[in-house]
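Please go through the strands and the nonpolar core of the model shown below.

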Amino acid sequence: MSKMTLGSYPHMLGFEQLERLLERTAKSSEGYPPFNIEQTSDDSYRITLAVAGFSEDDLAITVEDRQLVIRGRQGDDGSERIFLHRGIASRQFQRTFVLADGVEVGEAVMENGLLHVDLTLSRPETVVQTIQIRKG
């Protein structure tokens, strides 16, 4: 049995990149830190990550190749603390969100251990193009 790809469909031209995007997204499904995605209006979204224990300096937000990448790394405070129980995660993380064309990253706000990242969708105008046919 052969694997069906988007390139296998003759009416879907140029969608090979979408297939690679779906495969890349499926591979990045780690569960830490937990997050919410909410639609705040018809053209805007908000991603909220639970980053308790991280400060603004421990976090980095970048857009790389149409992906929103949020990284967290806590610095070592240098103290020799002895934990009897350690249930609060302090590991580094990287969370990746694939952005569609037209999605722009707005501001990021840290509030009560939650990192909010706002996104907006700019809808392009519909363009109708007429192609002239010439004699061959």
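L119 touches D43, S44, Y45, I47, L68, L99, V103, E104, V105 and G106, residues up to four places away in sequence being left out; contact means heavy atoms within 4.5 Å. This is a predicted model, in which local features need pLDDT of at least 70, side-chain atom pairs count only at pLDDT 80 or more, and totals for chains, interfaces and linings use all residues. Residues are numbered from 1 along each chain as its sequence is written, and side-chain values use heavy atoms, without hydrogens and water.

L119 also belongs to the largest nonpolar core, which has 15 residues; L49, V51, L68, I70, F93, L115 and L119 touch the most other members. Such a core is a set of buried Ala, Val, Leu, Ile, Met, Phe, Trp, Tyr and Cys residues joined through side-chain atoms within 4.5 Å, where buried means under 20% relative accessible area (1.4 Å probe, protein chains only). At least two core residues come from each of β2 (44-50), β4 (67-72), β5 (93-98) and β7 (114-121), and β7 gives the most, with three. Strands are DSSP runs of E with at least two residues, numbered from the N terminus.

Six bridges join β1 to β2, and I37 has I47 in β2 as its bridge partner.

Another open sheet, of three strands, is ordered β3-β4-β5 and is antiparallel. Because β3 (59-64) and β5 at the edges each have a single partner strand, one side of each lacks a neighbour in the sheet. β4 and β5 pair over six bridges, and V69 stands opposite T96 in β5.

Conventions: Buried means under 20% relative accessible area, exposed over 50%, partly exposed in between (1.4 Å probe, protein chains only). Helices (H or I, at least four residues) and strands (E, at least two) are DSSP runs, numbered from the N terminus. Two strands pair if DSSP finds at least two bridges between them.
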